[in-house]
Amino acid sequence: MSAGVQLHIEDSHVTMDNGILQVTLSNPDGIVTGIKYNGIDNLLEVLNEEVNRGYWDLVWSETGSTGTTGTFDVIKGTSFRVVVEKEEQVEISFTRLWYPSLQGKLVPLNIDKRFIMLRNSPGFYTYAIYDHLKEWPPFNLPQTRIVFKLRKDKFHYMAIADNRQRFMPLPDDRLPGRGEPLATPEAVLLVDPVEPEFKGEVDDKYQYSCENKDLQVHGWICTDPPVGFWQITPSSEFRSGGPIKQNLTSHVGPVNLAMFLSAHYGGEDLVLKLKPNEPWKKVFGPIFMYLNSMSTDDHASHDPFFLWEDAKKQMKVEVESWPYHFPDSEDFPSSDQRGSVSGGLHIRDRYSSDECMIPASLAYVGLAPPGEVGSWQTECKGYQFWTVADACGYFSINHIRSGDYNLYAWIPGIIGDYRRDVVITITEGLGSTDCGKDMQIYIPMGIWFTQ
């Protein structure tokens with residue numbers, strides 16, 4: 001057992017240390033400049049400038065702009081404060097406030113970046129609170145994310161899923177002479193890579209996209225010494241686009257990404273656009289940056305599969321712990337401040353039988369902000385909560401934030417999309433709401449409608 005979490009504050013840096021790892025951030029910027037673990041002084045790319053190692057960023061544009069691009073901004077705090085400092089936990093905050101004098105220069109948001117370290121925990125948590133006041137200018141927000149750039153001399157093996165993991169090319173292989181650019185700037189043909197085994201491959205970060213519902217753990221492995229760097233996302237409630245929205249994961253760099261908002265792959269429909277006089281606040285995260293290692297005496301210590309298996313086990317621990325109880329913010333509600341919804345979904349197919357109700361087996365059922373049928377696929381301002389129904393079509397959705405929602409669903413193998421035409425209001429501490437066992441989907445001429 002460690003002695004507890006310690007916080008060391010200097011003029012230009014802040015370090016959280018629990019005896020397992022040390023995380024150093026710039027003060028007051030809140031950029032992760034160093035991660036010390038398992039004998040490696042820094043897991044992040046030491047060849048990069050400090051501001052280009054571990055950071056939150058966003059892309060924004062003026063209201064009325066079209067397309068999916070805009071001004072790129074690495075979010076730098078202007079003030080630092082200690083939120084919690086005790087042996088069991090340290091939570092620190094790096095805040096950047098917006099003022100009218102900054103109009104046109106910075107996105108009109110108050111941004112509070114938080115970092116948490118717990119006692120005896122091999123990792124750290126991060127989340128951020130974005131807040132736009134009603135009287136502030138409207139704007140577009142195509143993207144926001146967290147980026148970690150790891151050492152290219154250490155991390156060569158990437159894992160996204162059991163069947164999507166491999167040794168990766170080096171960033172040098174994408175440079176002129178070693179790589180030939182293709183039709184899009186992201187795609188490069190490797191013609192003279194450092195490691196000949198990659199010759200003839202096309203490297204493209206979009207090859208490693210993953211649907212939100214499957215994007216719970218991904219990361220990189222260093223084999224000497226054996227160390228894993230993993231991003232664990234225990235909930236997708238704060239991601240845009242619902243469970244089948246695809247997001248980037250990791251790519252040649254080695255780069256590890258946590259995408260919260262992005263226009264991939266739906267274009268401008270997935271750009272968050274605030275209207276005049278529209279207030280908006282959202283909490284992105286927390287996510288867990290998990291580190292693991294293996295003894296060099298272990299005969300399997302150089303097999304990346306074992307570190308991946310351990311990361312998957314930790315992912316299940318984090319999922320079962322959601323919503324976390326330890327973030328010290330009134331904007332992140334605990335489990336007793338959330339509600340739940342349950343019900344059943346059935347299908348009537350008039351071509352099979354006028355009377356028989358077919359259970360909506362393994363249907364995807366979710367709550368998202370009120371909108372048109374299927375609007376959850378482009379929804380990006382609020383929160384979404386999804387589950388999979390059982391074989392009889394019954395479902396239960398837990399840990400729902402307070403707010404107004406529609407209930408949406410679709411069923412694998414069945415054409416169409418479902419929305420219940422009733423607004424469901426979740427209030428703090430509501431507990432369980434029963435949607436009833438008679439929710440039905442009727443399918444005349446292959447088109448769904450509700451009754």
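Asn-120 is partly exposed, with a relative accessible area of 31%; buried means under 20%, exposed over 50%, and partly exposed in between (1.4 Å probe, protein chains only). You will find Asn-120 in the loop between strand 9 and strand 10 (123–132), where strands are DSSP runs of E with at least two residues, numbered from the N terminus. Its phi is positive, about 65°, although Asn-120 is not a glycine.

A word on the model itself: it is predicted, so local features need pLDDT of at least 70 and side-chain atom pairs count only at pLDDT 80 or more, while totals for chains, interfaces and linings use all residues. Residues are numbered from 1 along each chain as its sequence is written, and side-chain values use heavy atoms, leaving out hydrogens and water.

Asn-277 also has a positive phi of about 65° without being a glycine. Asn-277 is exposed, at 54% relative accessible area, and sits in the loop between strand 23 (272–273) and strand 24 (280–293).

Now step into strand 9 (residues 110–118), which holds Asp-112. Asp-112 counts as buried because its relative accessibility is 12%. Beyond residues up to four places away in sequence, Asp-112 touches several residues, including Phe-94, Tyr-127 and Ile-129 (contact means heavy atoms within 4.5 Å).

Finally, look at two prolines. The peptide bond from Asn-27 to Pro-28 is cis, with omega near 10°, and Asp-224 and Pro-225 are likewise joined by a cis bond, with omega about -5°. Most peptide bonds are trans.

How values were computed. Helix = DSSP H or I, 4+ residues; strand = E, 2+ residues; numbered from the N terminus.
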